[in-house]
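User: I have a structure to go through and I'm new at this. Can we take it step by step?

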Amino acid sequence: MNKSLVLCNAPFNSIVITPEQTVRPCCKYASDLGDLNKQTIAEILASTTVKNLQKDMYAHIWPKACEECKISEEIYGQSVRLRLGTTSRTKQGCVNITYLEISSSNVCNLSCAGCSTRFSSGWLKYAKVIEKTTDTEFYRSIIQEAPIIKPDNKLLIKNLTELDLTHCIDIYFKGGEPLMNTDMLAALRYFDEIDILRKIIIRMDTSGAVIIDKTINETIALLCKAKQVNFNISVDGPEDVQTYIRYSAKNMASLDNMRNFISVFEKNNITFMVAPTIMVYNIFSLDKLIEWWFYEMRPAFKHLTLDIYLFNFLIGPDYLSLRALQPATISKLIDYYNNIIKTKAYGSVFSHLPDALKNIEYGGDKLHNQMVKYTLDMDKIKGQSIYKSIPELTDEMVLI
Ligand code: SF4
(Lines give C-alpha, C1' and ligand atoms only; values in the text may rest on other atoms or scores of the structure.)
Protein backbone atom coordinates (compact mmCIF):
# COMPACT_ATOMS: atom_id res chain seq x y z
CA MET A 1 0.00 0.00 0.00
CA ASN A 2 1.28 3.52 -0.81
CA LYS A 3 2.37 5.45 2.25
CA SER A 4 1.29 9.08 2.38
CA LEU A 5 4.50 11.14 2.36
CA VAL A 6 2.84 14.48 1.79
CA LEU A 7 -0.73 15.69 2.14
CA CYS A 8 -0.90 16.16 -1.65
CA ASN A 9 1.48 15.73 -4.60
CA ALA A 10 0.11 18.71 -6.55
CA PRO A 11 2.45 21.47 -5.27
CA PHE A 12 5.45 19.24 -6.06
CA ASN A 13 4.48 17.72 -9.39
CA SER A 14 1.65 19.63 -10.99
CA ILE A 15 1.07 23.00 -12.63
CA VAL A 16 -2.13 24.58 -13.85
CA ILE A 17 -2.17 27.65 -16.10
CA THR A 18 -5.54 29.28 -15.43
CA PRO A 19 -7.75 31.34 -17.76
CA GLU A 20 -6.48 34.48 -15.98
CA GLN A 21 -2.89 33.50 -16.95
CA THR A 22 -2.05 32.73 -13.34
CA VAL A 23 -0.44 29.56 -11.98
CA ARG A 24 -2.03 27.15 -9.49
CA PRO A 25 -1.02 23.68 -8.32
CA CYS A 26 -4.30 22.12 -9.46
CA CYS A 27 -7.74 23.06 -10.78
CA LYS A 28 -9.33 22.91 -7.31
CA TYR A 29 -6.88 25.15 -5.45
CA ALA A 30 -8.72 28.42 -4.69
CA SER A 31 -5.78 30.81 -4.89
CA ASP A 32 -2.97 31.84 -7.24
CA LEU A 33 0.70 31.03 -6.80
CA GLY A 34 1.66 33.82 -9.18
CA ASP A 35 0.66 35.84 -12.23
CA LEU A 36 2.27 35.15 -15.61
CA ASN A 37 1.64 38.72 -16.72
CA LYS A 38 3.92 39.90 -13.90
CA GLN A 39 6.38 37.04 -13.31
CA THR A 40 7.86 34.23 -15.34
CA ILE A 41 6.76 30.70 -14.58
CA ALA A 42 10.27 29.87 -13.31
CA GLU A 43 10.06 32.76 -10.82
CA ILE A 44 6.66 31.59 -9.62
CA LEU A 45 7.84 28.01 -9.06
CA ALA A 46 10.86 29.27 -7.09
CA SER A 47 8.76 31.66 -4.97
CA THR A 48 8.22 31.52 -1.20
CA THR A 49 4.49 31.07 -1.91
CA VAL A 50 5.24 27.67 -3.47
CA LYS A 51 7.77 26.79 -0.78
CA ASN A 52 5.31 27.63 2.01
CA LEU A 53 2.59 25.56 0.38
CA GLN A 54 4.98 22.63 0.06
CA LYS A 55 5.88 23.07 3.73
CA ASP A 56 2.20 22.71 4.67
CA MET A 57 2.00 19.60 2.51
CA TYR A 58 4.97 18.02 4.31
CA ALA A 59 3.37 18.92 7.66
CA HIS A 60 0.01 17.46 6.51
CA ILE A 61 -1.71 20.78 7.20
CA TRP A 62 -4.77 21.42 5.02
CA PRO A 63 -4.38 24.85 3.37
CA LYS A 64 -7.59 26.91 3.27
CA ALA A 65 -7.37 26.99 -0.55
CA CYS A 66 -7.70 23.17 -0.58
CA GLU A 67 -11.16 23.15 0.98
CA GLU A 68 -12.89 21.74 -2.10
CA CYS A 69 -10.81 18.54 -1.96
CA LYS A 70 -11.46 18.21 1.77
CA ILE A 71 -15.24 18.58 1.38
CA SER A 72 -15.35 16.24 -1.59
CA GLU A 73 -13.51 13.52 0.35
CA GLU A 74 -15.74 13.95 3.41
CA ILE A 75 -18.94 13.57 1.39
CA TYR A 76 -18.04 11.41 -1.59
CA GLY A 77 -14.67 9.83 -0.70
CA GLN A 78 -13.23 11.25 -3.96
CA SER A 79 -11.04 14.23 -4.74
CA VAL A 80 -8.42 15.61 -7.11
CA ARG A 81 -5.91 15.18 -4.24
CA LEU A 82 -6.59 11.44 -4.13
CA ARG A 83 -6.28 11.26 -7.91
CA LEU A 84 -2.95 13.12 -7.95
CA GLY A 85 -1.57 11.08 -5.05
CA THR A 86 0.29 11.69 -1.79
CA THR A 87 3.61 9.92 -2.33
CA SER A 88 5.75 12.63 -3.91
CA ARG A 89 9.42 12.44 -2.95
CA THR A 90 10.26 15.74 -4.65
CA LYS A 91 12.35 17.88 -2.31
CA GLN A 92 10.87 21.00 -0.76
CA GLY A 93 11.76 23.97 -2.96
CA CYS A 94 11.69 21.92 -6.19
CA VAL A 95 8.87 21.26 -8.63
CA ASN A 96 9.27 18.15 -10.75
CA ILE A 97 6.49 18.47 -13.30
CA THR A 98 4.70 15.25 -14.16
CA TYR A 99 1.30 16.86 -14.73
CA LEU A 100 0.59 20.05 -16.68
CA GLU A 101 -2.84 21.58 -17.16
CA ILE A 102 -3.44 24.34 -19.69
CA SER A 103 -6.66 26.35 -19.34
CA SER A 104 -5.18 29.53 -20.72
CA SER A 105 -8.31 31.17 -22.13
CA ASN A 106 -11.98 31.42 -21.15
CA VAL A 107 -13.24 31.54 -24.76
CA CYS A 108 -16.27 29.26 -24.96
CA ASN A 109 -19.59 29.29 -26.81
CA LEU A 110 -21.69 27.71 -24.02
CA SER A 111 -23.14 29.15 -20.79
CA CYS A 112 -23.43 25.99 -18.71
CA ALA A 113 -25.31 25.86 -15.41
CA GLY A 114 -22.85 26.17 -12.57
CA CYS A 115 -20.12 27.71 -14.75
CA SER A 116 -19.08 31.36 -14.69
CA THR A 117 -17.46 34.08 -16.76
CA ARG A 118 -14.09 32.89 -15.33
CA PHE A 119 -14.34 29.79 -17.47
CA SER A 120 -16.72 30.84 -20.23
CA SER A 121 -16.86 34.01 -22.28
CA GLY A 122 -20.32 32.77 -23.34
CA TRP A 123 -21.62 33.67 -19.87
CA LEU A 124 -20.74 37.36 -20.12
CA LYS A 125 -23.87 38.52 -21.95
CA TYR A 126 -26.08 36.84 -19.30
CA ALA A 127 -23.94 38.02 -16.38
CA LYS A 128 -24.39 41.62 -17.51
CA VAL A 129 -28.20 41.51 -17.32
CA ILE A 130 -28.51 39.93 -13.87
CA GLU A 131 -30.32 42.27 -11.51
CA LYS A 132 -27.82 43.79 -9.08
CA THR A 133 -29.75 43.20 -5.83
CA THR A 134 -28.77 41.65 -2.50
CA ASP A 135 -30.96 38.63 -3.43
CA THR A 136 -28.77 37.80 -6.42
CA GLU A 137 -25.45 38.49 -4.70
CA PHE A 138 -24.91 34.79 -3.81
CA TYR A 139 -24.73 33.73 -7.45
CA ARG A 140 -23.40 36.99 -8.92
CA SER A 141 -20.28 36.54 -6.78
CA ILE A 142 -19.73 33.21 -8.51
CA ILE A 143 -20.71 34.10 -12.09
CA GLN A 144 -18.75 37.39 -11.87
CA GLU A 145 -18.12 39.59 -14.92
CA ALA A 146 -14.63 38.41 -15.80
CA PRO A 147 -13.30 39.84 -19.06
CA ILE A 148 -12.80 37.67 -22.13
CA ILE A 149 -9.23 36.35 -22.05
CA LYS A 150 -8.04 35.60 -25.54
CA PRO A 151 -5.25 33.06 -26.11
CA ASP A 152 -1.73 34.49 -26.09
CA ASN A 153 0.39 31.92 -27.94
CA LYS A 154 3.62 33.85 -27.41
CA LEU A 155 3.17 34.15 -23.64
CA LEU A 156 2.29 30.49 -23.28
CA ILE A 157 5.21 29.19 -25.35
CA LYS A 158 7.65 31.57 -23.65
CA ASN A 159 6.63 30.09 -20.29
CA LEU A 160 6.57 26.49 -21.50
CA THR A 161 10.17 26.86 -22.71
CA GLU A 162 11.17 27.71 -19.12
CA LEU A 163 9.83 24.41 -17.81
CA ASP A 164 11.62 21.10 -17.63
CA LEU A 165 9.02 18.79 -19.14
CA THR A 166 11.23 15.73 -19.43
CA HIS A 167 9.34 13.96 -16.61
CA CYS A 168 5.92 15.12 -17.70
CA ILE A 169 3.55 12.24 -18.43
CA ASP A 170 0.16 13.87 -18.37
CA ILE A 171 -1.00 17.05 -20.14
CA TYR A 172 -4.56 18.21 -19.74
CA PHE A 173 -6.25 20.90 -21.87
CA LYS A 174 -9.24 22.52 -20.23
CA GLY A 175 -10.87 25.86 -20.67
CA GLY A 176 -12.85 27.66 -21.79
CA GLU A 177 -13.19 25.34 -24.72
CA PRO A 178 -9.76 23.98 -25.76
CA LEU A 179 -10.83 23.52 -29.38
CA MET A 180 -11.58 27.26 -29.55
CA ASN A 181 -8.25 28.14 -27.91
CA THR A 182 -5.36 28.53 -30.36
CA ASP A 183 -2.95 27.96 -27.44
CA MET A 184 -3.76 24.27 -27.67
CA LEU A 185 -2.38 23.85 -31.18
CA ALA A 186 0.60 26.10 -30.37
CA ALA A 187 1.37 23.94 -27.32
CA LEU A 188 1.00 20.68 -29.26
CA ARG A 189 3.43 21.99 -31.90
CA TYR A 190 5.88 22.87 -29.12
CA PHE A 191 5.55 19.45 -27.45
CA ASP A 192 6.19 17.86 -30.84
CA GLU A 193 9.25 20.05 -31.37
CA ILE A 194 10.78 19.00 -28.03
CA ASP A 195 9.77 15.42 -28.80
CA ILE A 196 7.77 14.57 -25.69
CA LEU A 197 4.42 13.70 -27.27
CA ARG A 198 5.15 9.98 -27.60
CA LYS A 199 5.40 9.47 -23.83
CA ILE A 200 2.51 11.69 -22.86
CA ILE A 201 -1.13 11.07 -22.17
CA ILE A 202 -3.10 14.01 -23.53
CA ARG A 203 -6.45 14.71 -21.96
CA MET A 204 -8.95 17.30 -23.04
CA ASP A 205 -12.21 18.55 -21.56
CA THR A 206 -14.27 19.50 -24.55
CA SER A 207 -17.90 20.47 -24.83
CA GLY A 208 -18.05 18.78 -28.23
CA ALA A 209 -20.29 21.71 -29.18
CA VAL A 210 -17.77 23.35 -31.47
CA ILE A 211 -17.60 24.18 -35.14
CA ILE A 212 -14.75 22.10 -36.49
CA ASP A 213 -12.36 24.42 -38.33
CA LYS A 214 -9.53 23.92 -40.81
CA THR A 215 -6.89 23.35 -38.11
CA ILE A 216 -8.50 20.08 -37.06
CA ASN A 217 -6.37 17.88 -39.35
CA GLU A 218 -3.12 19.25 -37.93
CA THR A 219 -4.52 18.95 -34.39
CA ILE A 220 -5.51 15.31 -34.97
CA ALA A 221 -2.12 14.51 -36.54
CA LEU A 222 -0.31 15.90 -33.49
CA LEU A 223 -2.67 14.24 -31.01
CA CYS A 224 -2.03 10.93 -32.74
CA LYS A 225 1.67 11.23 -31.89
CA ALA A 226 0.81 11.11 -28.17
CA LYS A 227 1.00 7.90 -26.19
CA GLN A 228 -2.71 8.11 -25.47
CA VAL A 229 -5.48 10.66 -26.01
CA ASN A 230 -8.55 10.93 -23.79
CA PHE A 231 -11.37 13.34 -24.48
CA ASN A 232 -13.76 14.07 -21.63
CA ILE A 233 -16.82 15.12 -23.53
CA SER A 234 -19.36 17.28 -21.71
CA VAL A 235 -22.53 15.26 -21.72
CA ASP A 236 -24.56 15.55 -18.54
CA GLY A 237 -27.87 13.93 -19.31
CA PRO A 238 -30.47 12.94 -21.90
CA GLU A 239 -31.36 15.51 -24.57
CA ASP A 240 -33.53 17.98 -22.59
CA VAL A 241 -31.31 17.80 -19.51
CA GLN A 242 -28.17 18.14 -21.62
CA THR A 243 -29.31 21.24 -23.50
CA TYR A 244 -30.67 22.75 -20.26
CA ILE A 245 -27.35 22.33 -18.40
CA ARG A 246 -24.98 22.87 -21.36
CA TYR A 247 -26.88 25.90 -22.51
CA SER A 248 -26.52 27.81 -25.76
CA ALA A 249 -29.29 29.68 -27.51
CA LYS A 250 -28.81 27.46 -30.58
CA ASN A 251 -28.65 24.15 -28.67
CA MET A 252 -25.06 23.61 -29.78
CA ALA A 253 -24.66 20.88 -27.14
CA SER A 254 -27.50 18.68 -28.45
CA LEU A 255 -26.84 14.94 -28.43
CA ASP A 256 -26.89 14.93 -32.25
CA ASN A 257 -24.03 17.44 -32.24
CA MET A 258 -22.17 15.28 -29.70
CA ARG A 259 -22.51 12.31 -32.02
CA ASN A 260 -21.31 14.37 -35.01
CA PHE A 261 -18.34 15.61 -33.00
CA ILE A 262 -17.28 12.10 -32.00
CA SER A 263 -17.60 10.93 -35.60
CA VAL A 264 -14.87 13.40 -36.65
CA PHE A 265 -12.40 11.32 -34.62
CA GLU A 266 -13.82 7.92 -35.49
CA LYS A 267 -10.72 6.71 -37.26
CA ASN A 268 -8.29 7.88 -34.59
CA ASN A 269 -7.16 6.17 -31.45
CA ILE A 270 -8.96 8.45 -28.99
CA THR A 271 -10.83 7.40 -25.88
CA PHE A 272 -14.01 9.32 -25.19
CA MET A 273 -15.15 9.57 -21.62
CA VAL A 274 -18.50 10.85 -20.43
CA ALA A 275 -18.06 12.15 -16.89
CA PRO A 276 -21.23 14.07 -16.06
CA THR A 277 -20.99 16.69 -13.36
CA ILE A 278 -23.57 15.22 -11.01
CA MET A 279 -25.82 17.97 -9.66
CA VAL A 280 -29.44 18.84 -8.90
CA TYR A 281 -30.39 18.94 -12.59
CA ASN A 282 -29.15 15.54 -13.76
CA ILE A 283 -29.29 13.29 -10.70
CA PHE A 284 -32.80 12.16 -11.75
CA SER A 285 -31.77 10.91 -15.17
CA LEU A 286 -28.29 9.38 -15.04
CA ASP A 287 -29.81 6.05 -16.15
CA LYS A 288 -31.13 7.67 -19.34
CA LEU A 289 -27.68 9.10 -20.05
CA ILE A 290 -26.17 5.63 -19.62
CA GLU A 291 -28.84 4.19 -21.88
CA TRP A 292 -27.78 6.58 -24.66
CA TRP A 293 -24.06 6.06 -24.16
CA PHE A 294 -24.20 2.26 -23.80
CA TYR A 295 -26.92 1.36 -26.26
CA GLU A 296 -26.80 4.08 -28.93
CA MET A 297 -23.28 5.45 -28.97
CA ARG A 298 -21.24 2.32 -28.28
CA PRO A 299 -22.82 0.29 -31.10
CA ALA A 300 -22.50 3.32 -33.44
CA PHE A 301 -18.76 3.71 -32.77
CA LYS A 302 -17.54 0.16 -32.36
CA HIS A 303 -13.88 1.04 -32.96
CA LEU A 304 -13.72 3.76 -30.36
CA THR A 305 -13.36 3.29 -26.62
CA LEU A 306 -16.32 5.00 -24.95
CA ASP A 307 -15.90 5.12 -21.16
CA ILE A 308 -18.05 6.49 -18.39
CA TYR A 309 -17.18 7.99 -15.01
CA LEU A 310 -19.92 8.62 -12.46
CA PHE A 311 -17.89 9.98 -9.57
CA ASN A 312 -17.76 13.63 -10.55
CA PHE A 313 -20.08 15.16 -7.93
CA LEU A 314 -20.44 18.91 -8.07
CA ILE A 315 -19.20 20.63 -4.92
CA GLY A 316 -19.41 24.25 -5.98
CA PRO A 317 -21.44 26.27 -6.59
CA ASP A 318 -23.03 24.61 -3.56
CA TYR A 319 -26.57 25.75 -4.47
CA LEU A 320 -26.46 23.36 -7.45
CA SER A 321 -24.89 20.52 -5.47
CA LEU A 322 -26.98 17.59 -4.25
CA ARG A 323 -26.86 19.15 -0.76
CA ALA A 324 -29.50 21.61 -1.99
CA LEU A 325 -32.08 18.81 -2.41
CA GLN A 326 -34.41 18.06 0.48
CA PRO A 327 -33.88 14.78 2.40
CA ALA A 328 -37.17 13.30 1.11
CA THR A 329 -36.00 13.74 -2.48
CA ILE A 330 -32.61 12.18 -1.70
CA SER A 331 -34.43 9.20 -0.11
CA LYS A 332 -36.51 8.73 -3.26
CA LEU A 333 -33.34 8.88 -5.37
CA ILE A 334 -31.69 6.21 -3.22
CA ASP A 335 -34.70 3.93 -3.79
CA TYR A 336 -34.71 4.77 -7.49
CA TYR A 337 -31.06 3.80 -8.03
CA ASN A 338 -31.30 0.77 -5.71
CA ASN A 339 -34.14 -0.52 -7.90
CA ILE A 340 -32.05 0.02 -11.02
CA ILE A 341 -29.12 -1.82 -9.43
CA LYS A 342 -31.46 -4.77 -8.69
CA THR A 343 -32.35 -5.07 -12.38
CA LYS A 344 -28.62 -5.38 -13.24
CA ALA A 345 -29.46 -3.49 -16.45
CA TYR A 346 -26.25 -1.44 -16.50
CA GLY A 347 -23.76 -3.71 -14.76
CA SER A 348 -22.16 -2.14 -11.70
CA VAL A 349 -22.13 1.40 -13.04
CA PHE A 350 -24.50 2.68 -10.30
CA SER A 351 -23.27 0.49 -7.44
CA HIS A 352 -21.60 3.37 -5.56
CA LEU A 353 -24.45 5.85 -6.02
CA PRO A 354 -26.86 4.91 -3.16
CA ASP A 355 -24.03 5.11 -0.60
CA ALA A 356 -22.83 8.43 -2.03
CA LEU A 357 -26.40 9.75 -1.75
CA LYS A 358 -26.73 8.46 1.83
CA ASN A 359 -23.64 10.50 2.78
CA ILE A 360 -25.20 13.76 1.66
CA GLU A 361 -26.05 16.09 4.49
CA TYR A 362 -28.88 18.49 3.62
CA GLY A 363 -27.39 21.98 3.22
CA GLY A 364 -30.47 23.58 4.82
CA ASP A 365 -33.45 25.59 3.64
CA LYS A 366 -31.33 28.63 2.77
CA LEU A 367 -29.23 26.62 0.32
CA HIS A 368 -32.34 24.94 -1.10
CA ASN A 369 -33.97 28.34 -1.63
CA GLN A 370 -30.83 29.61 -3.37
CA MET A 371 -31.11 26.70 -5.81
CA VAL A 372 -34.74 27.65 -6.53
CA LYS A 373 -33.90 31.35 -6.93
CA TYR A 374 -30.88 30.75 -9.19
CA THR A 375 -32.81 28.29 -11.36
CA LEU A 376 -35.85 30.53 -11.86
CA ASP A 377 -33.72 33.64 -12.45
CA MET A 378 -31.59 31.85 -15.04
CA ASP A 379 -34.70 30.44 -16.75
CA LYS A 380 -35.91 34.01 -17.19
CA ILE A 381 -32.57 35.33 -18.42
CA LYS A 382 -31.80 32.45 -20.79
CA GLY A 383 -35.37 31.70 -21.89
CA GLN A 384 -35.36 28.14 -20.52
CA SER A 385 -37.92 26.22 -18.45
CA ILE A 386 -36.87 23.90 -15.66
CA TYR A 387 -40.39 22.44 -15.56
CA LYS A 388 -40.24 21.50 -19.22
CA SER A 389 -36.65 20.26 -19.32
CA ILE A 390 -36.39 18.60 -15.91
CA PRO A 391 -39.96 17.90 -14.67
CA GLU A 392 -38.57 15.62 -11.92
CA LEU A 393 -37.33 18.75 -10.13
CA THR A 394 -40.82 20.33 -9.97
CA ASP A 395 -41.54 19.31 -6.35
CA GLU A 396 -38.25 20.89 -5.29
CA MET A 397 -38.97 24.21 -6.98
CA VAL A 398 -40.76 25.66 -3.97
CA LEU A 399 -39.32 28.14 -1.49
CA ILE A 400 -39.32 26.82 2.07
S1 SF4 B 1 -5.35 19.11 -1.80
FE2 SF4 B 1 -6.64 19.38 -3.62
S3 SF4 B 1 -6.82 21.62 -3.84
FE4 SF4 B 1 -5.05 21.22 -2.52
S5 SF4 B 1 -3.32 21.20 -3.90
FE6 SF4 B 1 -4.00 19.08 -3.62
S7 SF4 B 1 -5.39 18.67 -5.32
FE8 SF4 B 1 -5.14 20.89 -5.15
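This is a predicted model: local features need pLDDT of at least 70, side-chain atom pairs count only at pLDDT 80 or more; totals for chains, interfaces and linings use all residues.

User: How many helices and strands does the chain have?

Analyst: The chain has 17 helices and nine strands. Its radius of gyration is 21 Å, close to the 21 Å that the globule rule gives for 400 residues, so the chain is as compact as a globular protein of that length.

User: And what does the C-alpha trace span along its principal axes?

Analyst: About 55 × 50 × 50 Å.

User: What share of the residues is buried?

Analyst: Buried residues are 39% of the 400 in the chain. As for contacts between residues at least 6 apart in sequence, 76% of them join residues at least 24 apart.

User: Now the strands. What order do they take in the sheet?

Analyst: The nine strands form an open sheet in the order β3-β2-β1-β4-β5-β6-β7-β8-β9, with mixed pairing. The edge strands are β3 (34-35) and β9 (305-308), and each of them pairs on one side only.

User: Which strands does β4 join?

Analyst: One is β1 (residues 14-17), which runs parallel to β4 and is joined to it by four bridges. In that pair, Ile17 stands opposite Ile102 of β4. Strand β5 (residues 170-173) is also parallel to β4, again with four bridges. There, Tyr99 stands opposite Asp170 of β5.

User: Are the residues of β4 buried or exposed?

Analyst: Buried, on both faces of the strand. Tyr99 and Glu101 are on one side, and Leu100 and Ile102 are on the other.

User: What about β8 and β9, parallel or antiparallel?

Analyst: Parallel: β8 (residues 270-274) pairs with β9 over four bridges. Phe272 has Leu306 in β9 as its bridge partner.

User: Switching to helices. Which residues are buried in α12?

Analyst: In α12 (residues 255-264), the buried ones are Leu255, Asn257, Met258 and Phe261. They cover an arc of only 155° around the axis, which puts them on the same side of the helix.

User: What do they pack against?

Analyst: The buried residues of α12 pack against β7 (228-233), α11 (239-245) and α13 (286-300).

User: And which residues are on the face turned away?

Analyst: That face of α12 carries Asp256, Asn260 and Ser263, which are exposed.

User: OK, the ligand. What surrounds it?

Analyst: Its surroundings are Cys8, Ala10, Pro11, Pro25, Cys26, Lys28, Tyr29, Cys66, Cys69, Val80, Arg81 and Leu84.

User: Which element gives the largest share?

Analyst: Helix α5, with three residues.

User: What classes of residue are in the shell?

Analyst: There are 10 nonpolar residues and two charged ones, and no polar residues.

User: Last topic. Where is Leu197?

Analyst: Leu197 is in the loop between α9 (182-193) and β6 (201-206).

User: Why does Leu197 count as partly exposed?

Analyst: Because it has 19 other C-beta atoms within 10 Å. A residue counts as buried only with 20 or more.

User: What does Leu197 touch?

Analyst: Leaving out residues up to four places away in sequence, Leu197 touches Phe191, Asp192, Leu222, Lys225 and Ala226.

User: And how far is Leu197 from Asp170?

Analyst: C-alpha to C-alpha, Leu197 and Asp170 are 9.9 Å apart in space, and they are 27 residues apart in sequence.

Methods: Residues are numbered from 1 along each chain as its sequence is written. A residue is near a molecule or strand if its C-beta atom, placed from the backbone, lies within 6 Å of it. Helices (H or I, at least four residues) and strands (E, at least two) are DSSP runs, numbered from the N terminus. Ala, Val, Leu, Ile, Met, Phe, Trp, Tyr, Cys and Pro count as nonpolar, Asp, Glu, Lys and Arg as charged, and the others, Gly among them, as polar. A residue is buried if 20 or more other C-beta atoms lie within 10 Å of its own, exposed if 12 or fewer, and partly exposed in between; C-beta atoms are placed from the backbone. Two residues are in contact if their C-beta atoms, placed from the backbone, lie within 7 Å. The radius of gyration is taken over C-alpha atoms; the globule rule is 2.2 Å times the number of residues to the power 0.38. The arc is that of the directions from the helix axis to the C-beta atoms. Two strands pair if DSSP finds at least two bridges between them.
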